Amino acid sequence: MNIENYIESQYRELLPYGLNTEHADLYAFVGNQKLREVLTTLHYHLISLFRTMNERLPSGENGAHFWADPSRLLIKVIEITLGTYNAVKGSEYAFEIDSYYNELIMKCRDFLSSSGGSLIPADMPKIDLYYVQPIFLPTSVITVSNLQTTMNFELKHLGEGSYANVFKYKDTFYNRNFALKRAKKDLTDKELARFKREFDEMDEFSSPYILEVYCYNAEKNEYIMEYMDDTLDGYITKHNAILTMAQRKGIAQQILRAFDYIHSKKRLHRDVSPKNILIRVYDDVPVVKIADFGLVKIPDSNLTTANTEFKGYFNDPSLIVDGFDTYNIHHETYALTRVIYYVMTGRTNIEKAPASLSDFIQRGLSTDKAKRFKNTNEMAQALRAI
């Protein structure tokens, strides 16, 4: 289906009923002009028709009559609303229907009649009319409510992983940037549970080296988190030529302190990599924060199974044979050894390791797991000796 052509067809479907721009300010962020006019007009007709319905609500046990012309127009508006929603789903024009109005639309579909008017059910409550907030919420926008107002902010796509997309937006109320992590639509129930658990785990942590998260939206399976300037991977790539040894050791020590805290909470991250370690720069001082706890290993969790997919370029390859459910501290220090090596050298290839890092690498990556670092304190001591 050609989406632009479909939007044009729905625009033309609405022409006989009259286009309306009364609520245009609520959809200023919609990039496609015709879609913006379609959504603005649908919003107007829904509010107008539901206002009329409010005047006809039943006052007793019996239903009330909703006239024929408004019934037919509401049927057409709902048809165009749902048709447009399904047509643009998954595209750059995708939007969500406000959950309250989505339920309302589905309820109306059950009793609306195209001839002779419609019988409004006796239990139909008075409808809340959205004059200053949108009914249609493009997925490229986040709605944030505070004590003063409800505001919409445009999202800029930053990247994606196996389970989620990450966006950036600027909250003009706080005058600062935030990030939004949104679960993908095709996740299984178990994957969604893992996504929610990631938020819960990070919300429980209290460390300057763990990414802060602020609130979880269960309806949209997304959560807000602090915005970081870069990944460790990106930061090292950009600054590799100018980083001093002291600066590299400072970053490495922060990483080890972060994981020392995680391990003190009886947790194992299991997806240690430069892409899951983020950097925030304060007056030229890089501060490390750990993110992406989707694979975190928790004692007695039923989400940690032998069937969990092996992930992570920096992970111990023996896990492919042993099974991801066998992951323990020796696997975590293996991955951390590789990350520390990357920080200290700017390279991932360990075949030509500098002599100063030789002992550190040999111990951390030993094929004999009993010889590896047993914890991050041992790693920190070895790092100080370099």
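User: What share of the contacts between residues at least 6 apart in sequence join residues at least 24 apart?

Analyst: 63% of them. Keep in mind that this is a predicted model.

User: How much of the protein is buried?

Analyst: Buried residues make up 49% of the 386.

User: And how many helices and strands?

Analyst: The protein has 11 helices and 14 strands. Its radius of gyration is 27 Å, well over the 21 Å from the globule rule for 386 residues, so the protein is more spread out than a compact globule.

User: What does the C-alpha trace span along its principal axes?

Analyst: About 85 × 45 × 40 Å.

User: On to pockets. What volume does the largest pocket have?

Analyst: About 1,000 Å³. Its lining counts 40 residues. Nearest the centre are Val166, Lys181, Lys275, Asn276 and Asp292.

User: Which element gives the most to that lining?

Analyst: Helix α5 does, with five residues. Others that supply at least two residues each include β7 (156-160), β8 (164-171) and β9 (176-183). β11 (222-226) and β12 are also among them.

User: How does the lining of the largest pocket divide by class?

Analyst: 18 nonpolar, nine polar and 13 charged.

User: What about the second largest pocket, what's its volume?

Analyst: About 790 Å³. There are 34 lining residues, and Ile142, Thr143, Asn217, Lys220 and Glu222 lie nearest the centre. Elements giving two or more residues to this lining include β2 (95-97), α4 (99-111), β5 (141-145) and β10 (213-217). β8, β9 and β11 do as well, and those strands also each supply at least two residues to the lining of the largest pocket.

User: How many bridges join β13 to β14?

Analyst: Six. β13 covers residues 277-282, and the two strands run antiparallel.

User: Which residue in β14 does Leu278 stand opposite?

Analyst: Lys289.

Key. Residues are numbered from 1 along each chain as its sequence is written. This is a predicted model: local features need pLDDT of at least 70, side-chain atom pairs count only at pLDDT 80 or more; totals for chains, interfaces and linings use all residues. Side-chain values use heavy atoms; hydrogens and water are left out. Two strands pair if DSSP finds at least two bridges between them. Helices (H or I, at least four residues) and strands (E, at least two) are DSSP runs, numbered from the N terminus. On a 1 Å grid over the protein atoms alone, a cavity is a set of points where a 1.4 Å probe fits but cannot get out, and a pocket is an open set with protein on both sides within 12 Å along at least five of seven lines; lining residues have an atom within 4 Å of a point. Grid points are joined across faces, edges and corners, and a volume is the space filled by probe spheres set on the points. Ala, Val, Leu, Ile, Met, Phe, Trp, Tyr, Cys and Pro count as nonpolar, Asp, Glu, Lys and Arg as charged, and the others, Gly among them, as polar. The radius of gyration is taken over C-alpha atoms; the globule rule is 2.2 Å times the number of residues to the power 0.38. Buried means under 20% relative accessible area, exposed over 50%, partly exposed in between (1.4 Å probe, protein chains only). Contact means heavy atoms within 4.5 Å.
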